[in-house]
Amino acid sequence: MPEHSANLARLFNKLDRGDSIELALILIATLVLIRIVQRALPWIANRLHGRPRHYLLASVPLLRLLLIGVALALMLPILVEPSVQNMVALLGAAGLAIGFALKDYVSSLIAGVVSAFEQPYRPGDWIELDGHYGEVVHVGMRTVALVTADDDTITVPHLKLWSSAVRNANNGSPVLQCAAVFHVHPEHDARRARAVLEDVAMTSPYLYFDAPVTVVLQEETWGTKYMVRAYPVDPRQQFRFVSDLTVRGREALSRIGARPLLPQVSLRA
Amino acid sequence: MNTPAAHDTPPPKPPPAPPLWQIVAARDYEVPADSQPATLQRRWRSLGRLLLGTDDADPAQAEADLRALPQVRLANLAPPIDWAPAARALDAQESLDADAHTPVRLFIGQPYCDHPAILTHWAHARDAVVLAPPDTEQILCADRRWLDELAPGTGRPWVLPELERCFLRHANGLDLVRGFLARALSGALGPGMIGCDSWALAFIERISPLPGTATLTLQAFDGLALTRYLMHPDRGQVRFLSARSGEPLMPEDAGDSGDDRHGAETACPELRQLAAHCRGNPGLAWYYWRQRLRAAPEREQQAQAGEAHHDSPQRADGERLAAADEVVWVAPGIETPTLPAESGEDVAFLLHALLLHRGLESAVLGAVLPIPEGRLHSHLLRLQALDLLVREGTRWQVAPLAYHTVREFLRSRSYLTDSF
């Protein structure tokens, strides 16, 4: 037993005053730099538009991971004599503690590291995760924060990555596709309706011209379903873009005599 | 070592200057570039101004001392551009793009380059029929009577000077322009010329592609072309001096080689920068030039008049004034309007719609934009107060001096821009 204690004591270096100051300085500098990265880059990005905004936001989690990695690389040799034996002992002890007490927390942290490399979502992406759809505003070490269309902030642990599907609407690109749906009575000129709906999209001031506009239709038992697929200039305009398409699309369809489908109400008791 | 024979040989004549007004295929338009060191120097200065609030350059003539020119003098020194020479250049371009598959040519004009005036001059020269655009009601009702009234090909050429007045960016506003282009490009109307604004064309090409159509435009004015145009001897015996350096903008010996001052081989940095800033658009450069001209301070003018009096007391007043070159200072730069930092999508939509249609009336703006009428009016008045918009009759336009700012604002936000 005394021999084990002696071995454990040898695992950690004996810290003198200089080492302690050095550790504290590294820790403080890392925290300050992380705070600056997390505040300054989104602040700048939100004053930009399009690609520069998107790429600057996406760089925040990667930079933070880089800073943490550098800090650990600087701190570990001060704390521990970096031999294979010591590292195995340290990781074994840490694994045991994590396995019992902090399983979910550490799982989220590891998923956070994975998300920084695999990038299923980045700040600026529009994603659906765990039933919530919104813009990723922050990718932390343990959680991801979304702001929904209702201006609610939803915080979801990265842990969900292991078991849930992530729907990413723009996947790292500054443009995303929107779809406006129209339900039309089957008695109408479908060729004209398609042309009219395409013009509705082409004349929307929200439209991003470097991406295609498509109008697709599908026959259903109750009538015809049209979908206008197009891209807004800015992903943040998606709801207003769809509203604009819907309002003007309904007017245009009614002008050519294509009636919207009314809901079927059963009068039976 | 020079030989005696070499002394006798007259110096070689400089090659003739290229024509000032050149019509080229749109793909051959060359946006003038400012020199790299000058661009870096300007950025460095603006960074210095931003960080320190000072300008490191010591101006030769403090701008505050200079006086604005009277309107009459300004009208003589920078009269409105006469577009007739551009129309003559267009007339001379018969063979350009002879391989085009349609009998119709498209003349693209940048904002403030008055392509309707150029095409009207051209129509007079060619005795061509000038087609009037449909009115707003006809566009929004897709009234095909306008199309039916267009005369079929009679052998006489026709001109539609303003294609941008034939559509509205509205779900009902595209049928007539599509119908017209289909008829014209098929040759049903015979040979003709369509004039179109560069922004409107960018939009029209998305809704109705124009394959195989010869597209012509006025070649960009680089620094040298601007020097030749803006400081033409017709403006009188005037010496234009840079307020920044005190140097003349036109070299002293440049005027010796002929009336048109073809001797100038390089443009001064001021005009080179102006050409690059305006992307070769002479109409826009003219607005900047007018704003930058200044009269000398009063005490200097009096001293100049005194010198002229001492030199030749026997001469009549008129002769004395003619003998002494008038000095006009050119201010180093002018403050262009800036967009407010909080400019949102309403402002972007409004500015974009005005550029796509080369100006719109407020009632029509309400029809093409998803902005409530009250808010639209408030935006229009606010932007007018900021010198970003001007009202010409009932039509709102982007102010010429705000064009560069507005174009950059829209481009940075990924809105459709023209190809110039």
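A: Among the contacts in chain B between residues at least 6 apart in sequence, 79% join residues at least 24 apart, a contact being two residues whose C-beta atoms, placed from the backbone, lie within 7 Å. The model is predicted, and local features need pLDDT of at least 70 while side-chain atom pairs count only at pLDDT 80 or more, although totals for chains, interfaces and linings use all residues. Residues are numbered from 1 along each chain as its sequence is written, and chains are lettered from A and ligands numbered from 1 in the order in which they are written.

Chain B has 18 helices and 13 strands, where helices (H or I, at least four residues) and strands (E, at least two) are DSSP runs numbered from the N terminus. Of the 420 residues in chain B, 35% are buried, that is, with 20 or more other C-beta atoms within 10 Å of their own, these atoms being placed from the backbone.

Two of the helices of chain B can be followed in detail. Helix α10 (residues 223–230) of chain B and helix α11 (residues 269–277) of chain B have axes that come within 8 Å and cross at roughly 110 degrees, so that α10(B) lies roughly perpendicular to α11(B) (a term for angles of 65 to 115 degrees). The axes are lines fitted to C-alpha atoms, for helices over the stretch in contact, with angles from 0 to 180 degrees between N-to-C directions. On the side of α10(B), G223(B), L226(B) and T227(B) meet L271(B), R272(B), L274(B) and A275(B) of α11(B), and these residues divide into four nonpolar, two polar and one charged. Here Ala, Val, Leu, Ile, Met, Phe, Trp, Tyr, Cys and Pro count as nonpolar, Asp, Glu, Lys and Arg as charged, and the others, Gly among them, as polar.

Strand β10 (residues 326–330) of chain B is joined to strand β8 (residues 238–242) of chain B by five bridges, and the two run parallel, with R239(B) standing opposite V327(B) of β10(B). Strands count as paired if DSSP finds at least two bridges between them.

Chain B also touches chain A, in a contact that takes 15 residues from chain A and 18 residues from chain B. On the side of chain A, the elements that give two or more residues are α7 and α8 of chain A, and α7(A) gives the most, with four residues. By class, that side of chain A has eight nonpolar, four polar and three charged residues.

These two helices also meet each other: the axes of α7 (residues 190–202) of chain A and α8 (residues 238–255) of chain A come within 9 Å and cross at roughly 145 degrees. Their contact is formed by A193(A), V196(A), L197(A), V200(A) and A201(A) of α7(A) together with L245(A), R248(A), G249(A), A252(A) and L253(A) of α8(A), and by class it has eight nonpolar, one polar and one charged residues.

Chain A also holds an open sheet of five strands in the order β4-β3-β2-β1-β5, with antiparallel pairing. Its edges are β4 (153–157) and β5 (166–168) of chain A, each with a single partner strand, so one side of each is left without a neighbour in the sheet.

Technical notes:
Buried ≥ 20, exposed ≤ 12 C-beta atoms within 10 Å, placed from the backbone. Parallel < 35°, antiparallel > 145°, perpendicular 65-115°, else oblique.
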